Structures are given as C-alpha cells and as structure tokens.
Amino acid sequence: MKKRNFLIISILIILTAPISAYVGPGAGFAFAGSFLFIFIAFFLAIFNFLTFPIRAFFQFLKRIKTLKSAKFKRTVIIGFDGMDYNRMKMFMKEGEKYPNFEKLMEEGTFAPLQSTEPPISPVAWSSFSTGVNPGKHNIFDFLATDRNTYMPKMSGSEIIPPKKVLKVGNYTIPLSKAKVELMRKSKSFWKIVSSKGIFSSVLRIPYSFPPEKFYGLMLSGLGTPDLRGTQGSFSFYSSEKKTDTGITEGVIQEVHEVSDGIFNAILKGPGHPFVKGSPALEEKFSITLDKEKNGAKIKIGRDEFFIEKGKITEWKKVYFKVGFIKIAGIAQFFLEEADPLKLYISPINIDPGSPSMSVSHPKIFSVYLSKLIGGYATLGMAEDTWALNERVLSEDGFIQQVYSYQEEREKMFWDTFKKFKRGLLVQVYEETDRIQHMFWRYLSDSGSPADKPSREDHIVNAIKRSYKRMDDFLGRLMPKLGKNDLLMIVSDHGFNKVNRDFHLNSWLYKEGYLVLKDGKTSSDKFYKDVDWSKSRAYGQGLHGIFVNMKGRERYGIVSPGKEAEELKEEIKQKLKDLKDIEKGDVVAKGVYKREELYKGPYTKNAPDIVIGYNLGYRVSPESAVNYIGDTIVSDNTRMWSGDHSFTRAFVPGIFFCNKKIKTKHPSIMDISPTILSAFGIKKPSFIDGNDLEVVA
Amino acid sequence: MAKKVKLSNESSQKADEIIAFHGYSSLEELIGNLIDSEYEKIKSDDDKDEQAEKLSGLGYIS
C-alpha cells in the first residue's frame, strides 16, 4: 500500500507541468491593492461613523446660527400652477366664495405675479426656483433644439447613455450606468437654505428631475418621464378597426375577441435594456367582460382585478421581465365602453415603491411615500390631457384622474407637514393648470370653437370648482399655521383662451426662410423634407425661432454678425406686422431678440427670436413637431382650449401671502430671494430677483 | 468619478471675474458650462427616432 502511494505521488510529480503564471511584483501589488481598497473602504466607513457626531454638531451650530437670524419659524410655499390673477378676481366678482383666499387678501397680500417671457411652466418655475432670469438658468421653453439634427429635445434633462458597453451579437450589455443630467442651471433656493443647515422639503416642483442632492427631501415634478422614457404615452385597446378610432397619439391596439366576452391584449413597456434597438418589452393580459356587473375583469401577470365601466381604477402594478430582472411600473385602467370594447391604460409611471430610476432624494423617500399612501403618480405631466384630446378618456374620466392625483399629493403634503417643526416646505399642485387647459372652452367668454358636449355641472364649471378646491385646501392649512409662520401662494403664470393656431414653420416656409427639397410642397414631422443648405431660419418649441447659423447649426448658411442681425430684424418686423386675415388680429404682440430678454451665460442657448403671442394665439402642435404645410392660421378645435403661451402681460400669475409686503409689483424671480430673506440669508450676487420685504 | 482641478491664482481670479460678470452661481457651474460647450462641438448625432420617441406624449406639442 505504501509502495503504491509512493508510486502515484512520484508519477504526479514527474508529470506535473510547470504553471505559466506571472508571480512577480505586479501581482503582489494587485493582491495588496485589492486589500488596500477594502482597507480604505473600511477605514472610511469607520471614519465617517466616528466623525458623525462632530459633523452633526457643526451642522447643528450652522442651523442654530441661521435660525437665530430667521424671521419666521416655518416657511410654507404652495404653488397652484396656472392660477390666473384676473380670472380669480372675475370669479369673486361673479359671487364665487373663496373665504380662505379672501382672508389672505384682507389680512395679508394679494397681487398679480409677473411671469417670465415666455410665461410657460418650465421657464417660470425655473426662475421661481433660482431667482434668476432664463439667461442664467438655461430653460427657455419646453423644448430646446439639437443643432446637429434640427430635432426638438426636452429642455429639462438629458439622458446620457452608458459610456462603456459590451456588444455581443444582437445584445448590448451596459458596463457602466446611464446618467440623467438636470439641464436647469444656477442654484435653487432649497440648496442655499439647506447649505445653512436648514432641513427643506420640496415636493413636485417642475423641472426638478433628476432630483438634486441636498439636506432635505425632494420628489421630482414636471419633466419626470414615464417608464418608457417618454413624457407620457397612454395605451388604448379597442375592438373597433384601428383606422376607425381616429387616434394619432399613444399606443393603439386593435383587440379581437378570443371567446365570448374575452379579449387578449399586450401592454407595451420600456425598451429592452440589452437588445440592440431596444424593442419594447411586453406583458400579455386578458380582458373578460362582465355585463351583469357592468365592467370587466383584467388579468395581468399574477394580478387579477375588476374594473367598473366609467370609473378610473387605483394604481395597479405591472411588471416587465428581462431574464431574472423585473422592471416595475404602475398604471391606471379605465373602461370607457364595453361594446365595442374601449379600454384606456394610463402612461406606465415609474413605480415609486420600486423605482427603476430615482424620482426622489433620497431615493428611499419615494419608497417611503409609497408605503405610506400606496401607489402615486410619478410622471411629470401625469394628468393625461392628450388622452382627453383624443377622446380616449372621457371628460369625466379625466376629472377623476386629476382629482385622484391631487388627493395623492395632498396626502404627501400632510404627512410632511405633520413632521415639520421648523424650516422650509414647498409643494406645487398642478390641478389648476390641467383643468384650465382642458375646460376653458366651457367658460362663457371663451368664444372657443371646440366641442362642449357636457351639461354636467362638475364639467361645465370645472375651473370654478378647481379654484374652490384649492381654497378648501388652504382652509385646512391656514388654521394650522401660527403668527410666526410665513405662507406664500404663487402661480407661475395665468391663463386665457386659445382659439387660433399659428403654424409658424409653414409661415417661415411661405416667407422663404425655410426651403423644402426639390419637388416638395410640404414636410412631414421633424423637418423631414427640408433642404438645410438653402434654409435660413426655423421654428422650435412653443415660442422660438433659430437662425440656421454657420458654424453653429450643422448645415448653417447664415454668417454670424451683420447677415444674421439683418435677418433677425427682417423676421421680427414681418412677424410684428403679421395679421390673421380671417379675424383681423395681429398674431404676435411682442417679438424679441434674445438679448433683449435674457442676460447670462446660457443666453447663447436661447432661440435667436422669441415670439410673444397675442391673446388667443399660440404655435400649432403641428408646427411644434416641425410639420410644414400650407395653412398659416387655423381654428383650435381641440379640447385643449385654455393656454398661457402668450406674451406675459396677458397672463399674470397670483401672489398671496399671509403677511403684508412692501413691494408693489412682485415677479416670480422675487420668490427665491424672499425665501432666503425669511431665513435671514443674504441674497447671493447672481440672483436677479429682489426680496419682497415681507412685514413680519 | 468627480475630479478636483487646481487652478493657479491668476486663473482663479479670472474665474471670479467671469462668475461675477455672467452671473454664474459657482465656480463648478462655470467650469461645467465651459466643458459642455466644448463637448457640444465633438459629440456625435443622437438617434433621430429615439429623440422623437422621447417627445411623445407631451400634450403641449403633439
């Protein structure tokens, strides 16, 4: 036995090949390096842990110092998006009762709040957040221009794809993370306040996506995408033929009955993260009609629930599988009709309870809220205005949706308020904006050519009701505030009728500034048939015209300097003189070169010319997606009948305060320095707005 | 990974003047903007279809 073992060992030693491995000093370094990395990480963790009390102490000292010079114990700012100064006064004159707004008027301040030019949410709320003019915060419109492709792009954030990817056949494996960059520049008041040791809660402020890191809590607002990365794409299922629906937006699917009252359908989700071209992930589901209960049963994944016809559901979880990974979203269902089947599914929102992309700071905050109140809308423009425009969602269904989101947001507010002993709390509500956009046509002075099919009071008087609902909210809040608390109510702009569409790009074509490819008399979306080598200017966004500038635009032909300046003057003059032949009104009240409006390092990103539209006119949706045709001005027959894309003098916002202020003409840029002043913080030199001088 | 850059006194003074003149909120913002401007000149085209997709659902425009 011993002999045999000896023999085996001897053979193994003889036959063993030498190991070809590098065991020099480099390997030693690598080995030691990995230990060093663990050691440093461990050391830092210990260091952070041990120094926490010291850091907390310094933070405490900072807080005490700031609070000593603070004029108020708590500062609460509420935004009612789009609440209009003139309409508020008109409603009051007509006898509408807003006891809480009236109380603020009597005991504090009520004034028109000057908006930005243009007076639209991204621009105005960014000036609210930073106290600076758009030339310093870089947001000039909903859309910016891509000077390489001439395509519009979202102005608020940019998704930067992973820098490193591994390509294997049809698969693309990301080796690093994609990043989302906030395009709004300058410094928000909550960052300044929190840097002084004051805890701040900032909920749903537009253009706060991706959420910023600071000493406080944030939930992102307008600008946050849905799970598919869009600004909100609904899904619609109908047993009618696709061509009969007349719907142009969203994901439209024709479904067939597989057996009596049972339909199979597919919900399209986000793009496949690993497959080239990112085809949409899909989740199958079934719809079983229940005529007795006047509704349908939905079976999706492991979930099964009943939806009542005409009632929007609460949020339902939906999952999209990629191998072992599940991407979570939430959606609402609405059965419009059973025969023929008409089912609406809201845009799939990022699930706040399991966010695939952070929508809050810290990330866990959205999860906390979801545990507290259940699912809630995370999409920036969650109220599905376009589904109503397309008649996929009824007027009543839309109002149900808007009210349910308002309810969610108030629940968040009250939970935050309950814990709010000192510091800053800000929240923006969007109900007033969405309701006015969609129901302005019912106002007796609207003159709207759009349909007004309803006679029901909650639809016809939706705007009055919405103002009242905000008053009721104040009625719940104001008694909870003390004399040492400051309350400011602001809106970013007002509202009015929009009855006429101006097809800006068609006008630029007619005037010879945009030139089409040979033989073309119209162009499809996104300037498909434009000859850039001959075009001198193009429209982008809701208010802008860009010069096709040499050295700046990819196929630019206009030389900067004299040629460009002469061109801008020429376009300005023509636009000022432009009349709507049918109505006899001018289309634009003010036309400005960007230098006349903005001052700051980002002015170079603004449109070369900014149009301040006349009341009742705005750029057409077709022009905003760069379509070119032969119509210059046409009727707006969409349900989207109220707007604020005019020159700012027509649409002042509101400013209410529970204290008197010394300034007579407040502007939205003044809110940030006023908040800083409330905490006794000196206004930084870059801020353009002024302290409203609240009388404590 | 974030990087730290050391500026000479001269550059630092010039930077302060630029910040005050243009209204930047910080040195980080100034440097970020200068880098973005240079990056804009070298970056390749985005996918047009992808850009169009991102815009869908924006009630204001389409």
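Guide: In this predicted model, helices α12(A) and α14(A) are roughly antiparallel to each other, because an angle over 145 degrees between their N-to-C directions counts as such and their axes cross at roughly 170°. Helix α12 of chain A covers residues 431-439 and helix α14 of chain A covers residues 462-477, and the two axes come within 9 Å. In general, two packed helices are described by the angle between their axes and the distance between the axes.

On the side of α12(A), the contact is made by A:E431, A:T432, A:I435, A:Q436 and A:F439, while α14(A) contributes A:A462, A:I463, A:S466, A:Y467, A:R469 and A:M470.

Along the principal axes, the C-alpha trace of chain A spans about 115 × 70 × 70 Å. Buried residues account for 49% of the 696 residues in chain A, and, of the contacts in chain A between residues at least 6 apart in sequence, 66% join residues at least 24 apart.

Among the strands, β18, β19 and β22 of chain A form an open sheet in the order β18-β19-β22, with antiparallel pairing. Strands β18 (316-322) and β22 (349-350) of chain A stand at its edges, each with a single partner strand, so one side of each is left without a neighbour in the sheet. Strand β19 (residues 325-331) of chain A is joined to β22(A) by two bridges, and A:G329 has A:I350 in β22(A) as its bridge partner.

Some backbone details elsewhere in the chain also deserve a careful reading. A cis peptide bond joins A:F209 and A:P210, with omega about 0°, and A:P210 is found in the loop between β9 (200-205) and β10 (216-220) of chain A. The peptide bond from A:H361 to A:P362 is also cis, with omega near -10°, and A:P362 is found in the loop between β23 (360-361) and α9 (363-373) of chain A.

Positive phi values in residues other than glycine occur as well: phi of A:F526 is near 55°, and phi of A:E693 is near 55°. A:F526 lies in the loop between α15 (504-510) and β27 (537-540) of chain A and, with 18 C-beta neighbours inside 10 Å, counts as partly exposed. A:E693, placed in the segment after α19 (671-678) of chain A, is likewise partly exposed, with 14 other C-beta atoms within 10 Å.

Technical notes:
Residues numbered from 1 in each chain as written. Chains lettered and ligands numbered in written order. Predicted model: local features only at pLDDT ≥ 70, side-chain atom pairs only at ≥ 80, totals over all residues. Buried ≥ 20, exposed ≤ 12 C-beta atoms within 10 Å, placed from the backbone. Contact = placed C-beta atoms within 7 Å. Pairing = 2+ DSSP bridges. Helix = DSSP H or I, 4+ residues; strand = E, 2+ residues; numbered from the N terminus. Axes fitted to C-alpha atoms, helices over the stretch in contact; angles between N-to-C directions. Parallel < 35°, antiparallel > 145°, perpendicular 65-115°, else oblique.
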